[in-house]
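Biologist: I would like to go through this model feature by feature. Please give the general idea each time, then the case here.

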Amino acid sequence: MTTAYDAIIIGTGQAGPSLAARLANAGKKVAVIERKFFGGTCVNNGCIPTKTMVASAYAAHMARRSADYGVQVGGLVTVDMKQVKARKDRVSSQSRTGLEGWLKGTKNITVYAGQARFESPHEISLGKERLTAMQIFINVGGRAVVPRMPGIDQVPYLTNSSMMNVDFLPRHLVIVGGSYVGLEFGQMFRRFGSEVTIIEMSSRLISREDEDVSVTVREILEAEGIRVRLNAKCIAASKRGDDIAVSVDCTAGAPEITGSHLLLAVGRRPNTDDLGLDKAGVEADQRGYIVVDDQLRTSVPGIWALGDCNGRGAFTHTSYNDYEIVAANLLDGDSRRVSDRIQAYALYVDPPLGRAGWTEAQVLNSGRRALVGKRPMTRVARAVEKGETQGFMKIVVDEDSKEILGAAIFGTGGDEVIHCILDVMYAKVPYTTLQRAMHIHPTVSELVPTILGELKPLAEAKVGTGSAA
Ligand SMILES: Cc1cc2nc3c(=O)[nH]c(=O)nc-3n(C[C@H](O)[C@H](O)[C@H](O)COP(=O)(O)OP(=O)(O)OC[C@H]3O[C@@H](n4cnc5c(N)ncnc54)[C@H](O)[C@@H]3O)c2cc1C
């Protein structure tokens, strides 16, 4: 049976549902196809559940630190993992069912369950059914990579998806991958009470960030008792009775780490291998990311790709921004582009890292004349009052245009404070506008103007050290 639509949306990640609603409200007949859980990664095994669990971990951490604040909690602080999971499931499922109900209740939208595959540029198969449309929007997201490390097929392992079913405390969680996902799970499970070891192939954690960020995050994690093994060049896994041994071949330390559970957090790959892209002639790169232009059009007219599957972003907000760009172009006569957006994201360890624009190293490598300002959180009154003084704030400015090039706010409230800098970057006004703004006391943000009043030439400033002073 073939049904004709004006538009078909494959996947209900962070772009598809909102686009479906906009198109439907514009009078188009829209089909939405989802093969698993409504809301995709963010809602079911990404941002929402992990940040809900980070909140539980923070509560445990603060309960253990209660005496620092003169508060007596009494007794050993323990975590009920079944309740942590139940809380996480509640928050996640509220979002999932809310989305499903909204889509199914929206006029002009028909929701299909199943695996969508292209049969031709304008035809999608869904089991025995066929759907056709002149406009097709791909929002299929991605999944965890399982690295081809020796022995991986011989041992049980967890990914960010199966971690969502963990309702017990792993005795010793060994995490392969010292980037965003691995660090969040690592700190969280340490705070729940597990022993945690993080194994990273490169010479520092989150190596895409500046070295001072890598050094500081390592200090924070190690201070909580997490073991970090860097330069692990030949990672392999094997069974050791009921345990799992991971050989690391590091330049120093024990050659093997034995833990009760193994989490693989080494990156993600797009869900494009089972989509029949070849039948539609849609071009993908060597890693499977769909090639798109600045307005998210694929190589085939009438087909767009949004979200993680186009390789132009790896966040909920980049996927949602993709929706805004496509909707603006198709429905509003507003030619928004991917290149208009400024890189921004957060790492949700505690304290969080808020990032916008370029790193200090990227600015240095660009050869621009630049200024940098930096302040440790120990010199931020609000952080001192809260007893959360780990981290630093850093802002890099173009000396000639006076525009802000990038910032890292790594400290309490960093995921929120970064937005006052990001918005000034979007406004393309000189940094002096922000320097002269009167901010509220006592906040972390009140020190942003102060930092901008203390800028030094970047080349002369101490670069790439762990010292925030
Ligand atoms: C552990 C973890 C934590 C994260 N934390 C954050 C965070 O704090 N902040 C942030 O911004 N980002 C975070 N992310 C990233 C964020 O979750 C993703 O960038 C975001 O969900 C991307 O959404 P998307 O729209 O590309 O697609 P997805 O959300 O991946 O959804 C794609 C949907 O398409 C469906 N699908 C796939 N193929 C087909 C098919 N052939 N037919 C039918 N349906 C199909 C899938 O079932 C899925 O529902 C995190 C990711 C992980 C893994």
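Modeller: Begin with exposure: buried means under 20% relative accessible area, exposed over 50%, and partly exposed in between, with a 1.4 Å probe and protein chains only. This is a predicted model, in which local features need pLDDT of at least 70 and side-chain atom pairs count only at pLDDT 80 or more, while totals for chains, interfaces and linings use all residues. Residues are numbered from 1 along each chain as its sequence is written, and side-chain values use heavy atoms, with hydrogens and water left out.

Biologist: Is Cys420 buried or exposed, or partly exposed?

Modeller: Cys420 counts as partly exposed because its relative accessible area is 22%. Cys420 sits in helix 11 (residues 414–427); helices are DSSP runs of H or I with at least four residues, strands are runs of E with at least two, and both are numbered from the N terminus.

Biologist: What is Cys420 in contact with, leaving aside neighbours within four places in sequence?

Modeller: Contact means heavy atoms within 4.5 Å. On that basis Cys420 touches Leu434, His439 and Val448.

Biologist: Which residues come nearest to the ligand?

Modeller: A residue is near a molecule if one of its heavy atoms lies within 4 Å of it. There are 39 residues around the ligand, of which Gln14, Glu34, Thr41, Asp308 and Ser319 come nearest.

Biologist: Where does the backbone have a positive phi or a cis bond?

Modeller: Most residues other than glycine have a negative phi, and most peptide bonds are trans. Asn108, not a glycine, has a positive phi of about 80°, and Leu296, also not a glycine, has one of about 70°. Asn108 is partly exposed at 31% relative accessibility, whereas Leu296 is buried at 0%. The peptide bond from Asp350 to Pro351 is cis, with omega near 0°, and the bond from His441 to Pro442 is cis with omega near -5°.
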